[in-house]
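Here's a quick tour for anyone meeting this structure for the first time. Have a look at the model, then read on.

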Amino acid sequence: MPIKFNSKDNVLHLYNKTISYLIFISNDKGLIHLYFGPNLKKYDLDTLVYHTIHYNSKYVDGQEKFNSLFDLNDETSMMEFPDFGTGDYRSVAVKIKNSYGDCTTDFQYKKHKITKGKGKLEGLPSLYGTENDFTTLQIFLQDKVSKVEAVLEYNIMENYPIITRNVKLVNKSSNDIVLKYLYSACLDFPTMDYNFYYLTGQYCKERTIRHNKVQPGIQMISSLEGKSSHHTTPFCALTSLDACEDYGDVYSINFIYSGNFEIRVETSPCDSTRLLVGINPETFEYCLTPYESFQSPEAVLLYTNKGLGEMTRIYHKVFNNHLISKRWQTTKRPLLLNSWEGCIFDFDTEKLLKIIDESHELGIEMLVLDDGWFGKRNSDTSSLGDWYVNKDKVDLHKVINHLHKYNMKFGLWFEPEMICPDSDLYRKHPNYAIKSNNRYPTLMRHQMVLNMTSKEVCDNVYQQISKMLDEYEIDYIKWDHNRSITEAYSKELGYKHMGEFYHRFILGTYSILEKINTNYPNVLIESCCGGGGRYDAGMLYYGPQVWTSDETDAIARLTIQEGTSFCFPCSSMGSHVTANPRTNYNTKAKVAMMGTFGYELNPLTLSQDIKEMIKQQIKEYHQYYNLTHFGNLYRLISPSVNPYKASWMFVSDNKDEALFTYVVPLRGPQSLSYIKLKGLDENKDYYCPQLDKTFNGKFLMTYGLRLTFAWVDTGQAISYYFKEVK
Ligand code: DGJ
């Protein structure tokens with residue numbers, strides 16, 4: 001079992017072939033973090049426990065009791081679960097207020113338990129796997145005075161350098177306890193010589209890769225909007241200062257949560273670094289009644305010494321195999337045409353039937369009817385909440401029957417967490433919308449947000465969606481979410497529980513998604529949030545695809561897709577070829593093929609030439625499907641760093657095939673003319689049909705591929721396929 005307790009040293013050692021994680025139970029029963037990094041067969045406890053000289057002691061029963069070196073030193077120790085009030089002045093992982101108003105806690109080790117496998121987190125998304133994939137350590141701590149218990153859970157993976165963590169708090173007192181904050185994971189590092197990598201963005205410019213050196217003080221990325229947001233992503237990495245795509249230490253966290261989160265990097269006066277990830281305490285306060293417990297979301301911790309590229313490939317594999325639902329690991333996703341950019345709200349049955357005919361001709365496998373099919377919705381001013389077909393506008397049975405004639409599938413758009421003031425739902429249940437007492441509610445895109453903390457509201461939403469799924473053969477749902485929460489308030493929660501609003505909101509959303517997946521397991525869910533405003537590991541658990549961005553120009557998409565691919569699988573990146581005129585159809589397809597690939601245009605308006613191109617693209621999509629969905633991604637040239645070029649490649653697991661893509665966002669001083677490929681087998685030879693040439697793998701990786709410049713101009717792109725010659 002890859003978790004051992006060394007009772008001589010009082011050290012818990014989690015390990016697999018590549019990583020080790022060491023926790024020390026101090027003489028005074030504190031939990032000291034010793035180490036996370038490459039696998040250690042042997043370690044020196046004295047060196048690991050070392051902390052700077054300190055003068056803290058405890059006044060115990062009239063006597064001053066000095067700490068030994070192997071006691072916990074709040075001020076300088078590296079901590080597993082730092083708590084508030086006894087001398088750790090860094091940000092702490094937990095803070096509670098007991099019924100006397102006292103916030104001090106001193107969580108001490110009680111026992112631990114090691115088991116095979118990994119459990120499911122109640123009501124929350126998490127990685128899953130068998131007893132062969134995971135081993136679990138639970139450490140039980142207690143604060144004797146407040147009578148609160150904490151269960152720290154660690155799940156180490158057998159085959160990946162990954163440990164997942166969560167915390168559960170149980171109030172074992174007979175009084176209410178207020179939970180002020182609870183981070184899912186705390187990681188202390190012995191120095192502050194790291195770069196901090198994270199993703200930032202905005203609407204239509206999501207997930208730009210950023211980094212800076214860890215600085216004295218606190219740096220934070222967080223969301224307050226009720227969703228992970230366009231602006232930040234619940235992911236980060238601390239890397240050694242020399243780390244790059246191909247080498248260097250990378251300690252990364254991916255937080256499996258879609259609500260308000262916080263990632264905090266803090267340095268101490270002793271030049272150590274603390275990394276905390278969890279629910280954002282700014283909008284969180286949870287009242288735990290006697291014997292109630294609180295479950296934190298799960299954080300995924302990853303370590304590699306092979307750089308950021310390897311981090312990406314590990315995340316892709318782990319999320320594809322242990323986060324995304326089993327069904328979508330093996331079932332080929334249908335190639336879709338989405339109606340939004342081609343039709344907006346302007347469609348009727350006849351137009352859709354013609355679009356279906358044309359789509360079938362092109363080789364499309366599914367029509368997704370986006371916004372505008374329900375209530376009285378002909379613009380974005382009304383009807384959210386009324387999830388029944390606008391029969392004056394569209395005969396959905398006829399549309400679906402027509403698709404079935406061609407053996408095509410059907411997908412439908414919903415925005416389940418929203419309500420328009422101009423809707424039957426609002427007229428009947430105005431109290432379903434989030435509003436605060438005696439204030440005018442803020443509208444965004446003419447809509448309000450439903451109070452998903454209420455079971456009655458969630459039931460109503462689920463019933464409406466399931467009625468549609470029962471009546472129509474729907475193969476796919478696009479789950480949109482086009483505004484943030486304001487005036488967060490729910491009368492039902494009352495004063496005592498109001499601080500739970502944001503967390504309960506996302507639990508409400510998760511509960512509906514879970515129910516749909518359970519009761520309609522064949523329905524494919526693609527989540528969306530005004531483009532990519534809720535792209536996180538939490539949503540991926542319920543739906544294997546996320547609409548990456550409303551920015552659909554291929555060139556503008558380069559940095560968005562690069563950033564997204566940093567920590568989420570390419571198979572999850574909703575990417576469509578659209579009619580956006582800025583870039584040519586060849587480049588659009590090459591860029592969209594980095595993700596799920598699909599179309600979002602009106603095929604009735606296309607010229608014959610473009611239709612022929614699309615048919616060819618669809619052939620290539622099928623040919624490269626396994627490579628682009630499940631292959632290993634190598635980023636070769638970053639468009640965030642180089643405005644004149646972008647390049648990436650996919651390599652299959654057994655290195656027998658690869659797809660190389662090169663895009664010129666802007667014609668400029670191209671450095672001549674070789675590019676080194678990555679990830680191939682140096683002993684293999686590869687045939688490239690586009691160049692009609694065979695190359696040796698080592699040659700391609702050490703000398704490189706020579707690019708011909710006929711096509712190097714603004715907006716151009718090429719892809720070369722390489723197949724092993726046996
Ligand atoms: C925002 C999404 O990002 C778009 O793809 C589209 O579905 C619109 N909403 C529809 O209102």
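Helices (H or I, at least four residues) and strands (E, at least two) are DSSP runs, numbered from the N terminus. F699, for instance, sits in helix α15 (residues 697-702).

A bit of housekeeping: this is a predicted model, where local features need pLDDT of at least 70 and side-chain atom pairs count only at pLDDT 80 or more, while totals for chains, interfaces and linings use all residues. Residues are numbered from 1 along each chain as its sequence is written, and side-chain values use heavy atoms, with hydrogens and water left out.

**Around the ligand**

Let's start with the ligand. There are 13 residues around it, and D370, D371, K478, D480 and D550 come nearest; a residue counts as near if one of its heavy atoms lies within 4 Å. That shell splits into four nonpolar, three polar and six charged residues. Ala, Val, Leu, Ile, Met, Phe, Trp, Tyr, Cys and Pro count as nonpolar, Asp, Glu, Lys and Arg as charged, and the others, Gly among them, as polar.

W413 has a polar side-chain atom 3.1 Å from a ligand oxygen, and R445 has one at 2.9 Å from an oxygen of the ligand. Taken alone, the ligand exposes 300 Å², and the protein buries 98% of that (areas by the Shrake-Rupley method with a 1.4 Å probe; for residues, only the protein chains shown count as cover).

**Salt bridges**

The whole structure holds 37 salt bridges, each one a side-chain nitrogen of Lys or Arg within 4 Å of a carboxyl oxygen of Asp or Glu. Here are some of them:

| Pair | N to O distance |
|---|---|
| D176 and K496 | 3.0 Å |
| K227 and E225 | 3.8 Å |
| E310 and R313 | 3.4 Å |

How many residues apart are D176 and K496? They are 320 residues apart, with D176 in the loop between β11 (162-171) and β12 (177-189) and K496 in helix α9 (residues 494-497).

Are K227 and E225 buried or exposed? Buried means under 20% relative accessible area, exposed over 50%, and partly exposed in between (1.4 Å probe, protein chains only). K227 is at 3%, so it counts as buried, and E225 is buried too, at 18%.

E310 and R313 are three residues apart in helix α2 (residues 307-322), so about one helical turn separates them. Elsewhere, salt bridges that share partners join D88, R90, D188 and R274 into one network.

Technical notes
A polar contact is a pair of N or O atoms within 3.5 Å; within protein, one must be able to donate a hydrogen and the other to accept it, and residues adjacent in sequence count only if both atoms are side-chain atoms.
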